[in-house]
Amino acid sequence: MDLPVENHALLGDLETAALVGSDGSVDWLCLPRFDSPAACAALVGSPANGFWRVAPVGPAARAHRAYRADTLVLDTVWETPDGAVRITDFMPPRATRPCLVRRIEGVRGTVAVRGVLRLRFHQGRVVPWLRAVGPCTVAVAGPDAVWVRTEGHGRETLDAATGTSTLDATVTAGQNCTVTLVWAPSHLAEPPAEATVPAPTLLKETLAFWRRWTATCAYQGPWRPAVVRSLITWKALTYAPTGAVLSAPTTSLPYGPDGEHDGDGRSCRLDGFARALVTLLRCGLREEATRWLEWLLRTTAGDPGALQAVYGLAGERRLRQTEAPWLADGPAGYRVRFGDATAHRLRLDAYGEVLAALHTALLAGLPVPGLRSGRFAADLTRAVARAWPDAGPGIDARSGVLAWAALDRGARVSELLGRPDDAAHWADLREAIRRQVTSDGAGVPADLLMPGLGLLPSTHPRVRAALDAPQEAAPRVADTLLRAQGLAGTGRVPAAVAAFERVLAGRNDLGLLAERRDPRTGRRLGNAPSAASHLALVDTALALSAAQRLTADRSTMPESP
């Protein structure tokens, strides 16, 4: 990979995503789902593992790019000595097949543009067969077929030996050339309907979809542009058929100097689920919150003692892990991993996330079938109580805090649903866990969770000490933003705003955040873009806006006589 992940833009259709580098190259594309094998895998390997670059010919071109307001449509304007050209990239929200459109438009002068499409199916490994079928080029390998159609001022040539398609287009002001890529199962002989729809129609529909959706955001504070961009990014990481939210569209991107990484982000982690649910509700995104909770309840149904911290997009529990040694030849030089072999391990923090989410949903009156029966919440709480004697000694700090939250929210749900006997049954164990986790030396992220859960007040010395403790080498962005919220909770609003602004300044040129960030260099590290990072940004903007309003209200209050 020539470009780090921080130089990439996100495109998506709510079922899969593409990452486009600032050099005009699609370096990551999984088809047809987020978690499908990659057809372009240069991001974690090298160009030999698949890419699709569209850019002006020659080294003197300079690019400026931006998303169109309130959308996920990307415009890149290339300036060359001979003129300027605009390349618009977007993925229409899924109708039937995944579709990626790249539209070249002349702005001024005359510009020669070249497009090179080198697909490598099955995680950047398999060279497809190429053939022409009517106005389309078809790339086929195994179960996958990609149909490519070019419209306008362009000439395509195929190199069957290397599985490469090359487009040459010379455009003047007002001229255009569009290339539409559509995936379909390889056994279908006819071109998919998406390949025949005019590009202007697809663009108009895509712009309208995103602008309708962003208009539902209720936040109107000083950071609205950043909040809207983060919510669009989060929405693009939702899987529309099920309502799931994946952690990130990428896998195995490193955050440490020796290639340490957080594994495959294309799964659904329960970390931070409850807090994220509250954030969506505060932004007025009730439909998204409801669908996500419905996914959670379907996914976690069954044996309450077998709750996982990680699931698949459709609720899959077995996430088979494989490695791709053929990608280690790239410049990254580290092991790329697909799937998650640790998904089945018992983690009590998952119970805290689910029960806290159920409590929030009941308070918000979300219309989720079966939510008010109380049986599921009681079964989960009993599972934590049974597991604690063995899991409690030596448990990690975060899991301990969320085990307490599981019993606390489980008891509250029981009280809300008229089951006070259940709540009383868990009171002693809840108190015992509280004593353990508040007396142990927990750790900074876990300590900062405590005020939001009601375990310790934000003014507690332990919380204040955590706020002033040094950060780790590559902290998660969500933990850094939790620190900013903690500063606001202790009345240090200017310091909180300054910390938040540093995170905003650390986004890439398109407002995107990775899972982690180096506080010394500002580099974005790990899988990206990160759903958790972006929703934490929204949550922090909400918290700081409220803190600023409270400070302003206090400053205008008349003094007591």
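How many helices and strands are there in the protein chain? There are 15 helices and 23 strands, where helices (H or I, at least four residues) and strands (E, at least two) are DSSP runs numbered from the N terminus. The radius of gyration, taken over C-alpha atoms, is 25 Å, close to the 24 Å that the globule rule gives for 561 residues, so the chain is as compact as a globular protein of that length; the rule is 2.2 Å times the number of residues to the power 0.38.

This is a predicted model, in which local features need pLDDT of at least 70 and side-chain atom pairs count only at pLDDT 80 or more, while totals for chains, interfaces and linings use all residues. Residues are numbered from 1 along each chain as its sequence is written, and side-chain values use heavy atoms, with hydrogens and water left out.

Buried residues (under 20% relative accessible area, 1.4 Å probe, protein chains only) make up 57% of the 561 residues in the protein chain. Among contacts (heavy atoms within 4.5 Å) between residues at least 6 apart in sequence, 64% join residues at least 24 apart.

A search of the whole structure finds 0 disulfides, a disulfide being a pair of cysteine sulfur atoms within 2.5 Å. Cys30 is in no disulfide, and the nearest cysteine sulfur is that of Cys40; for Cys268, the closest cysteine sulfur, in Cys30, is too far for a bond. The table gives these distances.

| Cysteine | Nearest cysteine sulfur | Distance |
|---|---|---|
| Cys30 | Cys40 | 9.3 Å |
| Cys268 | Cys30 | 14 Å |

Cys30 counts as buried at 1% relative accessibility, and Cys268 counts as buried at 1% relative accessibility.

Conventions
Buried means under 20% relative accessible area, exposed over 50%, partly exposed in between (1.4 Å probe, protein chains only).
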